[in-house]
Amino acid sequence: MAVVVIDHPLIQHKLTYIRDKNTGSKDFREMVKEVAMLMAYEVTRDLQLQDVEIETPVTKTKAKMISGKKLGIIPILRAGIGMVDGILQLIPAAKVGHVGLYRDPETLTPVEYYSKLPADVHERDLIVVDPMLATGGSAVAAIDVLKAKGATSIKLVNLIASPEGIAEVEKYHPDVNIYVAAVDEKLNDHGYIVPGLGDAGDRLFGTK
């Protein structure tokens, strides 16, 4: 498993505003979308290319186009929804599936309540998105769901991760690479990332 920290200055700049407790929901949503789009450049860096022949206004020439497997974006509900549109701006042909999980406040373990995936999920390169990789339980459970449906090519994309969450994914899914904008210090006693950004779902949708 590889952990790729995408430390581009634009991403780090926007991540600071995302962390700031004074950033309202509207700006929070916009910047999560923008950071997801910027991260998608690195996440898709290894897409395979093929040569095609086209005709420019001047002459015929050979150029590159993406080949290989089709892509799928899988947000972990509900906060993962905030990252989808940014990636779709770059990859509009990607299919979108959903895995619904919530974290039990007592045990901190994930509980699945919904899943709807593309029928050909086993044929796609899947990008699982969730702003936070905290305990890692939701990410592991979501990847379990995808693998049970036959998926074999999966990447996990998070804005912020904890060392504990990374270790949990590595323990159960060592074949899944993780892409993050930052690896934070630790988890607190309530399972929140420190310093983190609070509850991503609440900040995206203005709930408490």
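This is a predicted model: local features need pLDDT of at least 70, side-chain atom pairs count only at pLDDT 80 or more; totals for chains, interfaces and linings use all residues.
Helix 3 runs over residues 81–90. Its buried residues are G82, M83, V84, G86 and I87.

These buried residues pack against two other helices, helix 2 (25–43) and helix 6 (200–205). They also pack against strand 4 (70–77), strand 5 (95–96), strand 8 (124–129) and strand 10 (153–161).

## The annotated binding site

An unreviewed UniProt entry lists I193, G198, D199 and A200 under "binding site". In the model, the lining of the largest pocket includes I193, G198, D199 and A200.

I193 belongs to strand 13, which covers residues 193–194. Its relative accessibility is 7%, so I193 counts as buried. Setting aside residues up to four places away in sequence, I193 touches M132, L133, A134, I160, A161, S162, D184, K186 and L187.

G198 sits in the loop between strand 13 and helix 6. Its relative accessible area is 36%. Buried requires a value under 20% and exposed a value over 50%, so a residue in between is called partly exposed. G198 is therefore partly exposed. Leaving out neighbours within four places in sequence, G198 is in contact with M132 and Y192.

M132 is found in strand 9, residues 132–133. With a relative accessible area of 15%, M132 is buried, because the cut-off for buried is under 20%.

Not counting residues up to four places away in sequence, M132 touches N158, I160, I193, L197, G198 and A200. Of these contacts, I193, G198 and A200 are also in the UniProt "binding site" list. The C-alpha atoms of M132 and A161 are separated by 5.9 Å, although M132 and A161 are 29 residues apart along the chain.

## D202 in helix 6

Helix 6 is one of the elements that the buried residues of helix 3 pack against. D202 lies in helix 6. Its relative accessibility is 18%, so D202 counts as buried.

Apart from residues up to four places away in sequence, D202 touches S25, R78, T207 and K208.

Methods. Residues are numbered from 1 along each chain as its sequence is written. Side-chain values use heavy atoms; hydrogens and water are left out. Buried means under 20% relative accessible area, exposed over 50%, partly exposed in between (1.4 Å probe, protein chains only). Helices (H or I, at least four residues) and strands (E, at least two) are DSSP runs, numbered from the N terminus. Contact means heavy atoms within 4.5 Å. UniProt positions are given in the numbering used here, feature names are shortened, and annotations may be inferred rather than shown by experiment. On a 1 Å grid over the protein atoms alone, a cavity is a set of points where a 1.4 Å probe fits but cannot get out, and a pocket is an open set with protein on both sides within 12 Å along at least five of seven lines; lining residues have an atom within 4 Å of a point.
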